[in-house]
Amino acid sequence: MSTLSYSRWIFLLSLAALMFISLSEVESFSPIIKLDCCQNLSNRTFPRIKQCYEQKRLDCNIHAFIIKNHKGRLRCIDPKSEELRTKIKKGQLRCPPDISSPE
């Protein structure tokens with residue numbers, strides 16, 4: 001039974017650290033969340049948006065953006081909302097898709 005050399009240990013530890021960092025970044029940029037489907041849409045957004053998700057689930061029949069403000073309140077926004085489109089185009093808001101599975 002042979003032992004690993006010092007350089008191989010360093011390589012394996014570096015590879016493990018890189019995998020760990022990559023995994024944590026993927027989770028933070030593509031969250032899987034449990035939200036109810038939007039039924040009523042609004043054209044106005046909150047002034048201070050903390051999070052935004054695009055409703056893309058197969059079990060939801062309405063296209064919408066779900067935003068959450070700094071107090072935790074949720075609102076379903078019409079994707080045609082000019083205020084929302086402007087924030088997304090300017091890069092002020094990022095809305096990954098809500099791809100959670102129905103319960």
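Cys60 is buried in this predicted model, with a relative accessibility of 11%, because that value falls under the 20% limit for a buried residue. The sulfur of Cys60 is bonded to that of Cys37, and the S to S distance is 1.9 Å. The two cysteines are 23 residues apart and link distant parts of the chain: Cys37 sits in the loop between helix 1 (6-29) and strand 1 (49-55), while Cys60 sits in the loop between strand 1 and strand 2 (64-69). About the S-S bond of Cys37 and Cys60 the torsion is about -75 degrees, so this disulfide is left-handed.

A search of the whole structure gives three disulfides. The table lists the bonded pairs with their S to S distances.

| Disulfide | S to S distance |
|---|---|
| Cys37 to Cys60 | 1.9 Å |
| Cys38 to Cys76 | 2.1 Å |
| Cys52 to Cys95 | 1.9 Å |

**Cys38 and Cys76**

Cys38 is joined to Cys76 by a disulfide with an S to S distance of 2.1 Å. Cys38 has a relative accessible area of 2% and is buried. Cys76 has a relative accessible area of 19% and is buried, because the limit is under 20%.

**Cys52 and Cys95**

Cys52 and Cys95 form a disulfide with an S to S distance of 1.9 Å. What is the handedness of the link of Cys52 and Cys95? With 95 degrees about the S-S bond, this link is right-handed. Cys52 is part of strand 1, and Cys95 is in the loop between helix 2 (82-89) and strand 4 (97-98), so the bond ties together parts of the chain that are 43 residues apart in sequence. Cys52 is buried at 3% relative accessibility. Cys95, with a relative accessible area of 14%, is buried as well.

How are the bonded cysteines paired when counted along the chain? The pattern of the disulfides is 1-4, 2-5, 3-6.

Key
Residues numbered from 1 in each chain as written. Predicted model: local features only at pLDDT ≥ 70, side-chain atom pairs only at ≥ 80, totals over all residues. Heavy atoms only, no water. Disulfide = S-S within 2.5 Å. Helix = DSSP H or I, 4+ residues; strand = E, 2+ residues; numbered from the N terminus. Buried < 20%, exposed > 50% of the residue type's maximum accessible area, 1.4 Å probe, protein only.
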